[in-house]
Structure formats: structure tokens, C-alpha cells
Amino acid sequence: MVKNSSTVYFFKYVLHNEGMSAIANSVSSLAMIVGAITIPFLIKKYPMRTVVIANLLVAILGQGVLLVAAQTASVGSAILGVAVSAFGLGAAQSLMFVMTAETVDYGEWRFGVRAQGLLTSVSAIGASIGAGLAGVINSEILARFHFVPNVTQTASGIMGINICFIYGPALIDALCVISILFYGLDKVSAKMHADLMAKRESEMNEGAI
């Protein structure tokens with residue numbers, strides 16, 4: 001969200017091509033959709049954790065391309081970086097809902113508690129808080145680096161924009177890679193679902209009797 005809110009600043013003050021920011025946003029949205037479309041095919045062959053990590057690394061690679069674009073003032077490289085980063089992030093994010101459902105099933109299988117309401121609410125609240133904080137964080141970073149709108153930016157102001165658009169998102173992607181390493185349900189998913197199916201069939205049979 002911080003990255004999205006700073007897109008226009010990046011193209012206006014770093015690349016000096018404000019008009020391309022709208023195109024970049026469109027490319028980002030399209031690339032995220034394309035990334036999400038690949039997921040059904042990937043999870044048939046690879047564990048979900050592997051797919052998420054790989055796509056987060058793709059997103060980080062895209063941020064690296066954006067860094068090159070900032071250093072060379074290349075609009076073409078910037079659009080490519082936006083596309084690569086959004087593709088990876090879109091694919092990784094789309095699995096969050098599946099992993100949440102897996103976690104709900106695991107709670108029932110391991111502890112006998114199916115807390116889908118709680119887990120779904122926590123995910124929604126986290127997304128809402130993130131969206132709300134994005135504007136505050138973006139403004140605070142730019143203020144601390146002495147960003148002044150509608151004037152030629154100092155090196156400090158440019159750095160503030162790059163932190164919001166390049167470095168910060170790359171750091172968050174890296175933290176997500178670390179956190180997803182703790183996800184271990186891929187190893188027990190097949191047995192978990194088989195046991196739950198057997199349990200539900202047993203419950204249905206008992207109800208019929």
C-alpha cells in the first residue's frame with residue numbers, strides 16, 4: 001500500500017515522467033492478475049510454501065529492477081520492474097486465502113477447534129490496518145527526508161521516495177519470506193484432509209443412523 005501511494009512521486013520526481021504513473025498502475029494491476037492465474041497450475045506440482053517463497057523472490061527481483069531504473073532514469077526499466085514485482089506479489093498473495101483455510105482445517109484436525117471466523121477476521125483486520133497505516137507511513141517517511149511537493153527534489157527527498165517505492169517493499173517481501181518458512185502444513189495436508197473426510201463421513205453415518 002505504501003508503494004502504491006508513492007508511485008506517482010517516483011515517476012514524477014525520480015524519473016521525471018509523471019504521465020507514466022497511470023500506466024504503471026495499470027501494468028501492476030494486470031501483472032497481479034496474471035500472477036494469481038498461475039497459482040492453480042503451480043500448486044499442482046509444488047508445495048504452497050515453495051510457491052509463495054519463489055514468487056516473493058520474484059517480487060524482490062522486480063524491486064531490484066526498479067532500483068536500476070531509478071539509478072538510470074529509465075522509464076522502460078521501471079515499467080518492467082513494476083510488472084515483475086506485481087506478478088510475484090500477486091501470485092504470493094493469492095495463496096494467503098488458501099493457507100488460511102488450511103490453517104482452519106489444521107485447527108480442527110489437531111485441536112478439535114474450527115476457528116474460521118476468528119482467522120478470517122484477523123486476516124481482514126490486518127489488511128484494513130495495513131491500508132490505514134500506509135498513508136501515515138508514507139507521509140512520515142517523506143517528511144523525515146524533507147520531501148517538498150512540486151519542486152525539484154534534493155537527494156534526501158529522492159531517497160525518501162525510493163524508500164517508499166523500492167527499499168521498503170523489498171524489505172517487507174524479505175520479511176514475508178522469513179515468516180513463511182515457519183509454515184509447515186504442506187507436509188501434513190494430505191493426511192489431514194483424509195482424516196477430516198473420514199471424520200465427516202463417520203459423523204454423517206452416525207446422523208443417518
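A helix crossing is left-handed if the near helix is turned anticlockwise from the far one by less than a right angle, and right-handed if clockwise. Helices are DSSP runs (H or I, at least four residues), numbered from the N terminus. The model is predicted, so local features need pLDDT of at least 70 and side-chain atom pairs count only at pLDDT 80 or more, while totals for chains, interfaces and linings use all residues. Residues are numbered from 1 along each chain as its sequence is written, and side-chain values use heavy atoms, with hydrogens and water left out.

Two packed helices are described by the angle between their axes and the distance between the axes. Helix 6 spans residues 116-144, and its axis comes within 9 Å of that of helix 5. The two axes cross at roughly 150° (lines fitted to C-alpha atoms over the stretch in contact, with angles from 0 to 180 degrees between N-to-C directions). Helix 5 is therefore roughly antiparallel to helix 6 (an angle over 145 degrees). Their crossing is right-handed. On the helix 5 side, the contact (heavy atoms within 4.5 Å) involves Thr100, Thr103 and Val104. Helix 6 contributes Gln116, Leu119 and Ser123. These contact residues divide into two nonpolar, four polar and no charged. In this count, Ala, Val, Leu, Ile, Met, Phe, Trp, Tyr, Cys and Pro are nonpolar, Asp, Glu, Lys and Arg are charged, and the others, Gly among them, are polar.

A further helix pair joins helix 2 (residues 7-14) to helix 7 (residues 155-180). Their axes lie 9 Å apart, at an angle of about 140°. Helix 2 passes helix 7 in a left-handed crossing. From helix 2, Thr7, Tyr9, Phe10, Phe11, Tyr13 and Val14 take part. They meet Ile158, Ile161, Asn162, Phe165 and Ile166 of helix 7. The contact holds nine nonpolar residues, two polar and no charged.

Thr7 is found in helix 2. Neighbours within four places in sequence aside, Thr7 is in contact with Ser21, Ala24, Asn25 and Phe165. The C-alpha atom of Thr7 is separated by 21 Å from that of Ala92, which is 85 residues away along the chain.

Salt bridges were searched for across the whole structure. Side chains of opposite charge can pair when their charged atoms come close. Six salt bridges were found (a side-chain nitrogen of Lys or Arg within 4 Å of a carboxyl oxygen of Asp or Glu). A network of these links Asp105, Glu108, Arg114, Lys199 and Arg200. Glu108 is buried, at 10% relative accessibility. The side chain of Glu108 meets that of Arg114 in a salt bridge of 2.8 Å, N to O. Arg114 is partly exposed, with a relative accessible area of 38%.

Glu108 also forms a salt bridge with Lys199, the closest N and O atoms being 3.3 Å apart. This pair links distant parts of the chain, 91 residues apart. Glu108 is in helix 5 (residues 75-111), whereas Lys199 is in helix 8 (residues 189-208). Lys199 is partly exposed, at 35% relative accessibility. A salt bridge of 2.7 Å, N to O, joins the side chains of Glu108 and Arg200. Glu108 lies in helix 5 and Arg200 in helix 8, so this pair ties together parts that are 92 residues apart in sequence. Arg200 is partly exposed, at 33% relative accessibility.

Backbone angles were examined as well. Most residues other than glycine have a negative phi. His16, not a glycine, has a positive phi of about 55°. His16 lies in the loop between helix 2 and helix 3 (20-42). At 64% relative accessibility, His16 is exposed. Ala73 likewise has a positive phi of about 55° without being a glycine. Ala73 is in the loop between helix 4 (48-72) and helix 5. At 43% relative accessibility, Ala73 is partly exposed.

Conventions. Buried means under 20% relative accessible area, exposed over 50%, partly exposed in between (1.4 Å probe, protein chains only). Helices (H or I, at least four residues) and strands (E, at least two) are DSSP runs, numbered from the N terminus. Angles under 35 degrees count as roughly parallel, over 145 as roughly antiparallel, 65 to 115 as roughly perpendicular and the rest as oblique.
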